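I opened my notebook to look up the overall form first, then the details. Here is what I went through.

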Amino acid sequence: MSIREIIAAICIVIGLFVFLCSILGIYRFKYAMNRMHAAALGDTMGIFFVVLGLLILGQDIFHMAKYALIILFFWLSSPISTHLIAKVELLTNKDCEERMKDR
């Protein structure tokens with residue numbers, strides 16, 4: 001095993017650990033907004049580390065460019081989709097505003 005493979009394996013394991021923590025946060029938190037926050041942060045950082053590990057293992061420039069585009073796509077789309085889901089939650093759930101005022 002080379003150093004490159006070890007570093008890539010470490011990045012992939014870190015990404016999988018972040019995904020695991022994100023899944024636990026989704027099931028542990030009570031409110032939809034908290035669950036969404038855990039999911040949004042977990043998928044962005046988890047995808048980054050997993051794809052970074054694959055990027056390190058990449059053999060040619062075309063595969064590396066595809067991996068870099070995957071990271072870019074997720075970094076652009078995840079915050080937008082999370083924001084839209086939060087907006088729908090605020091508009092449809094009347095109890096959400098009351099819970100936010102209590103704090």
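I began with a term: the radius of gyration is taken over C-alpha atoms, and the globule rule is 2.2 Å times the number of residues to the power 0.38. The model I used is predicted. For a compact globule of 103 residues the rule gives a radius near 13 Å, but the protein chain has 17 Å. I then looked up the box that the C-alpha atoms fill along the principal axes, and it is roughly 55 × 25 × 15 Å.

Next I listed the elements. The protein chain has four helices and zero strands. From the N terminus on, the order is α-α-α-α.

I turned to helix α2, residues 32–57. At 1.5 Å a residue, its 26 residues should span 38 Å, and the end C-alpha atoms are 37 Å apart, so the two agree. Which residues of α2 are buried? I found Met 36, Ala 38, Ala 40, Gly 42, Gly 46, Ile 47, Val 50, Val 51 and Gly 53. Their cover includes α1 and α3.

Then I checked the surface. Met 1, Ile 3, Ile 6, Ile 7, Ile 10 and Ile 14 form a nonpolar patch there, with about 610 Å² of accessible area together. I picked out two of its members. Ile 10 lies in helix α1, residues 3–28. Its relative accessible area is 47%, so Ile 10 is partly exposed. Ile 14 is also placed in α1. Ile 14 has 35% relative accessibility and therefore counts as partly exposed.

Last, I noted chain totals. Buried residues make up 21% of the 103 residues. The chain exposes about 7,600 Å², and carbon and sulfur atoms supply 73% of it.

Terms used:
Residues numbered from 1 in each chain as written. Predicted model: local features only at pLDDT ≥ 70, side-chain atom pairs only at ≥ 80, totals over all residues. Heavy atoms only, no water. Patch = residues over 30% accessible without salt bridge, like charges linked within 9 Å, V, L, I, M, F, W, Y side chains within 5 Å. Areas by Shrake-Rupley, 256 points an atom, 1.4 Å probe, with all protein chains shown as cover. Salt bridge = Lys/Arg side-chain N within 4 Å of Asp/Glu carboxyl O. Helix = DSSP H or I, 4+ residues; strand = E, 2+ residues; numbered from the N terminus. Buried < 20%, exposed > 50% of the residue type's maximum accessible area, 1.4 Å probe, protein only. Expected span 1.5 Å × (residues − 1). Contact = heavy atoms within 4.5 Å.
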